Structures are given as C-alpha cells and as structure tokens.
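Please read it with the sequence and structure at hand.

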Amino acid sequence: MLKIVLNCFVVILGAAAIASGFNLFLVPHHLLSGGVAGLSMLIGYFTKFDISVMYFVLNIPMLIAGWFILGKRFISMSILSVVATTWILAWIPVHALVNDTLLASVFGGVLIGVGAGISFRVGGSTGGFDIIGSIVTRYRDFPVGTVLVGLNGLVILAAGYLNQDWNVALASMLSIFVTGKVLDQIYVSHTKITVYIITEHTEKLLSRMLTTPRGVSKIKIEGAFSHTEKDMLMTVTTRYELAELKRIIKKVDPSAFVNIVETVGVMGSFRRR
C-alpha cells in the first residue's frame, strides 16, 4: 500500500514538472511540445479553447487504447498523470521565466523529460504519444525516447509547414529532442546488461535470482592460478533492474566477483516488460 502511495506521489510530481515546462517555458514563447500536448498547444494558440482542457480531451482515446493493450495498472497511473497535469496546467499561470526562445526550448524540454521519465520509472506514462511509444517498445526493442522523438517530430514539421514559421518549429524540435534524451537517461529499461557472477554460494544465490523475471545460466569454471573449480552465473537483465540484482548479490555473497557488461543486442526469448 505504501509503495502505491509513493508511486502516485511520484506521478503527480512528474505531472508538476511537465506542467511547469509547458506554462513557464514553452507556452509563453508559443513553442510546441509535440504529440498530444503539441496538438493541444496548437489548438490553444489559434482558437479560444483552453490548452489544459484540450490536453485532457485529446488524451482520452489514447488512454482507452492503452487500457486494452498495455494493462489496467499502467493506464491507471497514466490517467492519474493526465488528470494531475491537466489540473496543474490550469493552476500554474502562463509566465515566461526566460526571454530567450532557445533557453526556453532547452529547459522546457528538460522539465518535460524529467516528468515523463519518473512517471515511466514507477510504471505509468504521461499519456498521449507516450502510450503509443510504450506499445511500440513492447513489441519492438527501441528506446522510448527515440520513438517519441520520431512521433513528435512529425507533428512539429506539420506545424512549421502550416504556420510558415520555421524558427518556432525548429526551436520546438530542439525541445522535443532534449525531452527524448532526458527521458532515455531516466527510463533505462531498454538498456540491456549482462552480469557475470563468480561465487562460492551458487545455490543460495540462484534461489534468490530465480525469483526475478530473468533467466540464469550456470557455468563451471576453473581458476587459472589456483586451479580451484567454481561456478559462474550469467544473466541478462536491464539497467533498471540492475540495482535490485546488485542488492541480492551483496546480501547473499558480498565477496562474489561480479563483471557487469553493457549488451549491444539480445536475440531470443528476452522478456521486455
């Protein structure tokens, strides 16, 4: 129960970061965030509709699609994020913290990337194209941020063509690029890690490691100097799950020799989520 409460708090904190990036950096300079948020901003800039209301309305079909494909828990957290972002957008006044458009695009992108990233870390999303990105990465091994940059880039290009203002369009593209890079630094479940563990407590460590969703291989090895036979355990996990694996190793066998290698790619039955 406590974990659920903490996760909800993190999602609301992420929503606050996203709303701040919108109203304090992007919206005052008429920059776009891309995706559903970008569409909401375009509508808000050229009509009398409120951006926060449009953000909520345009997210509804995305949330419905995600409910059936990604699962109720993920979308429940996403709904919380969308509702919280909508409310905070209406609460925070639109006010430019910086006068320079380039600075606004960069720091707005950082705030939005941080907000989206921490929401993903606790099992949710910020709605909109984040849900589409999650659907794509569930079936294809791509970084979420890269998927979002591609989707949002199409929106910005369309906006630049329609408005005939490529300065704003390119500044918006920069903001989206920064958002994607920050998101990929925080939400790192797409990064694969191979861990080699040489231990004298094989069975005890195996019993703990096999409770995780990752497979483990046991390899017989011999020390070149001591000629002592030992076991080496090998597993492929994600950078996000690595912290839990290291905690298990330290608890079971603090003296184990561990080699951690970043993996270029994985073929076969690797569970992505």
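**Strands and sheet**

Strand β2 (residues 217-222) and β3 run antiparallel and are joined by six bridges. The model is a predicted one, in which local features need pLDDT of at least 70, side-chain atom pairs count only at pLDDT 80 or more, and totals for chains, interfaces and linings use all residues. Residues are numbered from 1 along each chain as its sequence is written, and side-chain values use heavy atoms, with hydrogens and water left out.

Overall make-up:

- The chain has ten helices and four strands; helices (H or I, at least four residues) and strands (E, at least two) are DSSP runs, numbered from the N terminus.
- From the N terminus on, the order of elements is α-α-α-α-α-α-α-α-β-α-β-β-α-β.
- Of the 273 residues of the chain, 47% count as buried, where buried means under 20% relative accessible area, exposed over 50% and partly exposed in between (1.4 Å probe, protein chains only).
- Among contacts (heavy atoms within 4.5 Å) between residues at least 6 apart in sequence, 72% join residues at least 24 apart.

The sheet:

- Four strands make an open sheet with antiparallel pairing, in the order β2-β3-β1-β4; two strands pair if DSSP finds at least two bridges between them.
- At the edges are β2 and β4 (257-262), each pairing on one side only.
- On average, neighbouring strands of this sheet are turned by 25 degrees against each other, direction ignored; axes are lines fitted to C-alpha atoms, for helices over the stretch in contact, and angles run from 0 to 180 degrees between N-to-C directions.
- Strand β1 (residues 192-199) is joined to β3 (residues 229-238) by eight bridges, and these two strands run antiparallel; I197 has L233 in β3 as its bridge partner.
- I221 has K230 in β3 as its bridge partner.
- The hairpin of β2 and β3 has six residues between the strands, and in this hairpin H227 takes a positive phi near 60 degrees.
- Six bridges pair β1 with β4 in the antiparallel sense, and Y196 stands opposite N259 in β4.
- Helix α9 (residues 202-209) lies across β1, β2 and β3, at about 15 degrees to β3.

Helix packing:

- Helix α5 (residues 101-121) packs with α8 at an angle of about 30 degrees, and their axes are 7 Å apart.
- The residues of this contact of α5 with α8 divide into 14 nonpolar, eight polar and one charged; Ala, Val, Leu, Ile, Met, Phe, Trp, Tyr, Cys and Pro count as nonpolar, Asp, Glu, Lys and Arg as charged, and the others, Gly among them, as polar.
- S172 lies in helix α8 (residues 166-186), and S172 counts as buried because its relative accessibility is 0%.
- Leaving aside neighbours within four places in sequence, S172 is in contact with L31, L32 and I156.

Nonpolar cores:

- A nonpolar core is a set of buried Ala, Val, Leu, Ile, Met, Phe, Trp, Tyr and Cys residues joined through side-chain atoms within 4.5 Å.
- The largest such core has 35 residues, and those with the most contacts inside it are F22, L26, V27, L32, M41, Y45 and Y55.
- The largest share of this core, seven residues, comes from α1.
- Leaving aside neighbours within four places in sequence, F22 is in contact with V27, P28, S33, A37, M41, Y55, L89 and I112.
- A second, separate core has 13 residues, including L242, I248, I249 and A256.
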